Number of protein chains: 2
Amino acid sequence: MKRRPTSKVTPERARVYNTRLVLKTIYERGEISRADIARSTRLARPTVSDVVADLMAEGLIEELGYGPSTGGKRPLLLALATGSRQLIGLNLARERFSGALIDLRGEIAHRVDLPLDGRNGNVALDFVYSAVDALIAASNRPLLGIGVGAPGLVDAASGVMRQAVNLNWRDVPLRDLLQERYSLPVLIANDCQVAALAEYTFGDNIAGVRDLIVINVGWGVGAGIIHDGHLLYGNPLGAGEIGHVVIDKGGERCPCGNTGCLETLVSTHAILRRARSLARQDPDSLLHQFSSHPEAMAFDTVCQAFNSGDPGVRCEIEEVGHSLGAAAANLVGAFGSCRILIAGPVSCFGQFLLDAIREEMAERCFPSLATETEIGFVSLGSDIVLLGASALLLHNELGLFAAPLG
Amino acid sequence: MKRRPTSKVTPERARVYNTRLVLKTIYERGEISRADIARSTRLARPTVSDVVADLMAEGLIEELGYGPSTGGKRPLLLALATGSRQLIGLNLARERFSGALIDLRGEIAHRVDLPLDGRNGNVALDFVYSAVDALIAASNRPLLGIGVGAPGLVDAASGVMRQAVNLNWRDVPLRDLLQERYSLPVLIANDCQVAALAEYTFGDNIAGVRDLIVINVGWGVGAGIIHDGHLLYGNPLGAGEIGHVVIDKGGERCPCGNTGCLETLVSTHAILRRARSLARQDPDSLLHQFSSHPEAMAFDTVCQAFNSGDPGVRCEIEEVGHSLGAAAANLVGAFGSCRILIAGPVSCFGQFLLDAIREEMAERCFPSLATETEIGFVSLGSDIVLLGASALLLHNELGLFAAPLG
């Protein structure tokens, strides 16, 4: 039985491990003294001092000054030098590429935004380069690397975009292309996967959380799964591709070739299409009043009509909740009770949507596991994929969290 | 952000790690010299010699004699002392408890089998003790511990059986009860989970495999999921409870309270019930010929009628395959392309069943992920849960694989 090679604990590996452990401790605690690092990590004081000296020499951490005494001498506090590095995050979304310069705490300093206007293939690839060029030109700190969240099937370990239908990309070795061009570390993963990593890294209320599922509901639909502190990529890819799991067999044809995929039922595109149809059918509806030209209706109008109590829209959103509830039940079947958070513009449907999801989920999986499953919204907004792309770098380049690639 | 405490690399931890690495290498390679262990693990030769001396003193490994020369001196080969320890494996199945004494390679030396005849509660608990008493009396080697595969919701980290409907057990701290009574290490997990661990540990054709899903189809139905070499327990429990994920909403009522759960469609109980109904409806059917008293029909009779081409039975089994295919698609949605193996008496339906599963799965998840997903049967037979229970001990007590509890 040949398995993945394991290797011994060498002094070098131990030093890397201990350095990452100290940096992670400082990152998580915000402000902490050397003595408290030693207590928290159970490393020897001299080891902590050595590692801290190295990290300060690299500029990754800094001394903040003396904190209040807790009995003895006032402790000299250390903190992450948040602005000591910049990360480039890219979101290769369906209709527009966006990119940002991001600091080590997920603050965005500079953005670029490139509408694709239907471009794909090599032209779209040039747009990726344009975005990175612009961000590098705007950067004023050492760059840690480039993180990319991309739609479709992404082989994170090899950095190859295996299949991105809208971009007309197949087997594009985007990581190698970017690494060669910019001589920076590059990490690529599926956009819904990195959204989960973003919430896990920068989100609210995740103290002590090791397991988290984010269902990203946009033009496309997919899940990102954090299991025991690790992002699941799939082996080699495809973890969380729930947008193409069939919920309503024999339903609407999906571009993937099957019928009734979750995406055909709950994507913003699907919601908008049905709302337009509702508006055309009923000129007296609120939906029609808010948007007299149904063909030009924006997603915000659907939210507005929903919040104003349009019964047709509320009925539609209840159905969306039930479809998402079926998908949630499937995830509970795989992982047991869990925390499932919804991301994307559908958050405008608020508690009403969550209640519909919960109700359907409870009818579709083991009752006590449903009871122990939390359904909510992510705390991050529309930058979640950009932030997730940068979080890939924090996890893999700095080892701040545990989500090793490959 | 407070997360699970991490701890430093101490010399003691390194020694434990290196010992486990050497033992694992010997276990996996079968026969190997000290020099090859050093090459394979990249440990220093003196370290390997020290660790080997310790393992020989414990009796876990032995010198086999000299192997053929590969150029220089003939190498002195080491191997696992397969019979140096015995493991107790228990399968607390629905209608009967079974137990076995098992060696370090999964060979069964002695069995006990206790039909429950409807007993539950404390009486059933006494049956567990009777099984262990009998196995301890029959053992003739030092015991490594007791591994238990149990139906229902099992909290593996705390060793508590949270919910086992048929045994009428709720929150039974079985691990502590057994540990106190026998002063042996005890590990407990869900029966379908340990079935996957058994196939991963003792199965054929798993060289290089790190991800594996076993769907166990018996009286109950559930999945065991090995992800990157680790068994998923759920946090804290319930991973793989696909038997109660709804496939046919509004279908038959399940004891869990919902309708149309996978278990109501594909369990051996459900198959047998429908076969009995078919036999009653059609006295000319093969099914009726093979079993003139439908009420007393055994599952084997269904297999026999299937293999003789009974059209009603074949139609029923095709439906079973489609329901399992829907469940498989849900798992592909969670984990991406994977290897899914079916365990249990339904293996008598052979390739016909696998084809039906594959066909339905392909219509229910992302096509390229379906194409890359393997559907097959496990290589282990009806002892799979017993073997999995003992594998819990190999993984956790000897660290032969990577599936830490808790």
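Started with a lining: the residues around the second largest cavity split into seven nonpolar, three polar and no charged. My classes: Ala, Val, Leu, Ile, Met, Phe, Trp, Tyr, Cys and Pro are nonpolar, Asp, Glu, Lys and Arg are charged, and the others, Gly among them, are polar.

Before going on, a note on ground rules: this is a predicted model, local features need pLDDT of at least 70, side-chain atom pairs count only at pLDDT 80 or more, and totals for chains, interfaces and linings use all residues. Residues run from 1 along each chain as its sequence is written, chains are lettered from A and ligands numbered from 1 in the order written, and side-chain values use heavy atoms, without hydrogens and water.

**Cavities**

I searched the whole structure and got four cavities of 30 Å³ or more. A cavity here is a set of points, on a 1 Å grid over the protein atoms alone, where a 1.4 Å probe fits but cannot get out; lining residues have an atom within 4 Å of a point. Grid points are joined across faces, edges and corners, and the volume is the space filled by probe spheres set on the points.

Which residues line the second largest cavity? I listed Ile242(A), Val245(A), Ile247(A), Leu262(A), Ala327(A), Asn330(A) and Leu331(A), plus Asn330(B), Gly333(B) and Ala334(B). Helix H11 (311-335) of chain A and helix H11 (311-335) of chain B are the elements that give two or more residues to that lining. Helices (H or I, at least four residues) and strands (E, at least two) are DSSP runs, numbered from the N terminus. The space inside is about 60 Å³.

Next, the largest cavity, at about 100 Å³. Both chains show up in its lining: among the residues are Asp211(A), His227(A), Phe335(A) and Cys338(A), along with Leu232(B), Gly234(B) and Asn235(B). Strands S12 (212-217) and S13 (221-227) of chain A each supply at least two lining residues, and S13(A) gives the most, with three. By class I get seven nonpolar, four polar and one charged.

**Chain A overall**

I logged 14 helices and 16 strands for chain A. Its radius of gyration (over C-alpha atoms) is 23 Å, close to the 22 Å from the globule rule (2.2 Å times the number of residues to the power 0.38) for 406 residues, so chain A is as compact as a globular protein of that length. The C-alpha trace spans about 75 × 50 × 50 Å along its principal axes. I count 58% of the 406 residues as buried, meaning under 20% relative accessible area, with exposed over 50% and partly exposed in between (1.4 Å probe, protein chains only).

I found a cis peptide bond between Asn235(A) and Pro236(A), with omega about 10°. Pro236(A) sits in the loop between strand S14 (230-231) and helix H7 (262-266) of chain A. In chain B, the bond from Asn235(B) to Pro236(B) is cis too, with omega near 5°.

Asp171(A), in strand S10 (residues 169-172), has a positive phi near 55° without being glycine. Is Asp171(A) buried or partly exposed? Partly exposed, at 47% relative accessible area.

Ser183(B) also has a positive phi, about 50°, and is not a glycine. I placed Ser183(B) in the loop between helix H5 (174-182) and strand S11 (186-190) of chain B, and at 65% relative accessibility it counts as exposed.

Methods. On a 1 Å grid over the protein atoms alone, a cavity is a set of points where a 1.4 Å probe fits but cannot get out, and a pocket is an open set with protein on both sides within 12 Å along at least five of seven lines; lining residues have an atom within 4 Å of a point.
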